Amino acid sequence: EILDYWTKYHAACKETLGKPENVLFGDHIVYLQVKIHLDFLEDGTFYGKAYKKGDALEFTCADFYELDEEGKIRSGCVYIKFFNPDLPS
């Protein structure tokens with residue numbers, strides 16, 4: 001059900017999501033990791049950086065969900081890591 005929720009939620013976004021690469025289930029915890037390709041449909045900003053229409057951005061997204069006793073999402077956090085070839089590895 002978590003994977004179905006994740007896929008349906010992100011289907012409304014204007015981004016291309018890969019299939020989750022890592023899915024880990026623990027004691028009331030779920031971790032999903034996926035690479036995202038974001039195409040800009042108009043000029044704007046994303047996390048404080050300006051982008052022009054036609055620009056693209058790729059990054060990794062990790063979602064962490066805490067589940068209640070019934071297995072429903074109690075809370076969640078999303079972390080992202082941008083790929084920037086100008087920064088040292």
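Visitor: Leaving aside its neighbours within four places in sequence, which residues is Gln-33 in contact with?

Guide: In this predicted model, Gln-33 is in contact with Pro-20, Glu-21, Asn-22, Thr-60, Cys-61 and Ala-62, once neighbours within four places in sequence are set aside. Gln-33 itself lies in strand S3.

Visitor: What makes the pairing of the Gln-33 and Tyr-31 side chains a polar contact?

Guide: The side chains of Gln-33 and Tyr-31 are joined at 2.7 Å, and the cut-off for a pair of N or O atoms is 3.5 Å, so the pair is called a polar contact.

Visitor: Why is Leu-32 called buried?

Guide: Leu-32 has a relative accessible area of 2%, and the term applies under 20%; therefore Leu-32 counts as buried. Leu-32 is located in strand S3, which spans residues 29–39, and its C-alpha atom is separated by 9.8 Å from that of Lys-19, 13 residues apart along the chain.

Visitor: Which residues make up the largest nonpolar core?

Guide: That core has eight residues in all, namely Val-34, Ile-36, Leu-38, Phe-40, Tyr-51, Leu-57, Phe-59 and Cys-61. At least two residues of this core come from S3, and at least two from strand S6 (56–67). A second, separate core has five residues, including Ile-2, Leu-32, Tyr-65 and Leu-67.

Visitor: What is Phe-40 in contact with, leaving aside its neighbours within four places in sequence?

Guide: With those neighbours left out, the contacts of Phe-40 are Phe-46, Tyr-51, Lys-52, Lys-53, Gly-54, Asp-55, Ala-56 and Leu-57.

Conventions: Residues are numbered from 1 along each chain as its sequence is written. This is a predicted model: local features need pLDDT of at least 70, side-chain atom pairs count only at pLDDT 80 or more; totals for chains, interfaces and linings use all residues. Side-chain values use heavy atoms; hydrogens and water are left out. Helices (H or I, at least four residues) and strands (E, at least two) are DSSP runs, numbered from the N terminus. Buried means under 20% relative accessible area, exposed over 50%, partly exposed in between (1.4 Å probe, protein chains only). A nonpolar core is a set of buried Ala, Val, Leu, Ile, Met, Phe, Trp, Tyr and Cys residues joined through side-chain atoms within 4.5 Å. Contact means heavy atoms within 4.5 Å. A polar contact is a pair of N or O atoms within 3.5 Å; within protein, one must be able to donate a hydrogen and the other to accept it, and residues adjacent in sequence count only if both atoms are side-chain atoms.
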